[in-house]
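Hi,

Here is the structure I promised to pass on.

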Amino acid sequence: MSATTDWSLAPACDIARAVSAGMVGARDVVAAALARIARIDPAVNSFTDRLSERATARAASLDAARARGDRLGPLAGVPFAVKNLFDVAGLPTRAGSRINRERAPAPRDAALIRRLEAAGAVLVGTLGMGEYAYDFTGENIHDGNTRNPHALDHMSGGSSGGSGAAVAAGLVPVALASDTNGSIRVPSAFCGCFGLKPTYGRLSRAGSFPFVGSLDHLGPMARSTGDLALAYDALQGPDPEDPAAASRPPEPAAPDLDRGVADLRIAVAGGYFAQGGDPEAFAAVEQVARALDANRGVAIPEAARARAAAYLITAAEGAALHLDRLRGRAGDFDPAVRDRLIAGAMLPAPFLERAQRFRRWYRDAVLDLFRDVDVILAPSTPCRAPRSGQTTFVLGGIEVPVRPNIGVFTQPISFIGLPVVAVPVWLDGGLPLGVQIIAAPWNEALCLRVARHLERAGAVRAPVAALDGVPPETKPSEAKP
C-alpha cells in the first residue's frame, strides 16, 4: 500500500495487514472512516449512531499494543458497523423502533461484536433498519429512509438496509446484519455488495433483538469475498448464550477460498425460481451460470408453498413477541408493521401447525437435492431496487404490492436455514441485481469459493458508489455511551 492510500475505502484485508505491519496506525484508519461517514452519510442516512469516542479509544489501544510488540488480530484496525438490533454497550437497542429507544442501555456488546473486536476490528456505529426487522424496503418512519447509495431515490432494501448502504457507500468495509426472510440478501442485491446468510445456528445471536426465533440468522456484509470470509471466520464458534447456536467448532473458510470450483456440481434452480420476476433478474443468474460453466438445472419442490408457510410462521412468531407492545403502545408502531403483527396474532393455530409440518417435509425434500449437486443458483430479488415510496410493481405481468413480494426468492431458502452467499451482478449500467449461491447446511465455505471464483472472473463485483459531492440531506446523531 502506498503513502497516498485512501484508508477510508481500503478493503478490510489490506487494512489489517497494514496496521499489523505498522504501515499505518489504527487511529489513522478509523479517523479516515469517521471523516468519510461525516461527509457522505448525511445523503445516505445509513447510520443511526456514530461512536467516534469509543472507536478512537479502541484504535489507540490497538496502536499501543502493536508498539509493545503484541501480535494483532486478523481484522486489526478494520472499521465496522452493526444493524441497530445488536446490543452495543451504553446504547439502547433500537431494533429500528420508536419504543425500544426508551429501553435501558445495553450492559455489554452482542456476542458477534465482541468476536470482531477480539479479532482487532473497531466498531464505529450502528445502522438503520426496518422497524423490528419486519421490512424488505429500507424505509423507516422513525429514523428516515436509508437511501440506495447508487441511486438516492431508490430503496436500499431491508430490513438490513443500513448495513447494505454503509458498505456500498464505502463508509465501512464490513457490516453486521440479520436475515430472517431475506434481510441480508435483499440489501446485498439492491445496494450491490456481498452478503452471507449462514446456516441456521452457525453464528451466535446472543445480544441481538429477535424477530422470529426459528428463522433469525446473523451474518456479515462486505465489498469483497475475501473480506466477507475474513469476517465470517472471526464470527464463528459455539455460544451457550444462544440456545439455537450449534456446538460445531469453527470451520474457517478463508484458507480454501481460492480452491476454485472445478470439483463442484453447480445447478441453476428452475421452476418457481425462473418465473415471476423481471427478465433482468433471470439474466443475472444466467451470467453467473455461464461464468461457472453450470449447465444443469434443479427443481426445488413446493417452493411457493414454502414461501406461504414462512409468511405464516413469521407473522405468528413476530406477533407473539410484540403482544404487550401492541396492547399498550400500538400508536408508536409504524402502522404497516403494526397491522402485519396484529394480523399474525389472529392466525388460527391449525394454520401454524400445518405450516410447521410442511416445513419438516420441505427441509427433507430440499436436502435430498444436495445428494446430486453441491451448489444451487437462484435470483436474490425479482427486480432491481424500486423507487423509495413505491408501493406496487409489475412481476410476471401482474401488479403486486412491493413490500411483501421483494422476498419472493429468499424466503423459501431461509425457511429451512440453508447457507447462502449473495453476490452482486451488474448487467447494463443500471442498478445492481443479486444472485443467491445456496448450499447444504454447514457448507458456507463452498458458497464463498464459488463467489470468489465469480469475483475473480469479473462476473460479480461490488464497486463503491460515487457519492462525493452529493449534498447532505440528513444528519445522524453522535452517540456517547
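How many aromatic pairs does a search of the whole structure find? The search finds 11, where rings of Phe, Tyr and Trp (its six-membered ring) pair if their centres lie within 6.5 Å.

Before the details, some housekeeping. This is a predicted model, so local features need pLDDT of at least 70 and side-chain atom pairs count only at pLDDT 80 or more, while totals for chains, interfaces and linings use all residues. Residues are numbered from 1 along each chain as its sequence is written, and side-chain values use heavy atoms, leaving out hydrogens and water.

Back to the rings. Tyrosine 132 and phenylalanine 333 have ring centres 5.7 Å apart and planes at 45 degrees, so this pair is tilted (planes under 30 degrees apart count as stacked, over 60 as edge-to-face and the rest as tilted). The two partners are 201 residues apart, so to speak from distant parts of the chain. Tyrosine 132 counts as buried because its relative accessibility is 2%, and phenylalanine 333 is buried at 2% too (buried means under 20% relative accessible area, exposed over 50%, partly exposed in between, with a 1.4 Å probe and protein chains only).

Tyr272, Phe273, Phe282 and Phe409 form one aromatic cluster.

Now look at aspartate 227. Aspartate 227 touches Pro11, Ala12, Cys13, Pro173, Val174 and Ala222, leaving aside residues up to four places away in sequence (contact means heavy atoms within 4.5 Å).

Cheers

Conventions. Helices (H or I, at least four residues) and strands (E, at least two) are DSSP runs, numbered from the N terminus.
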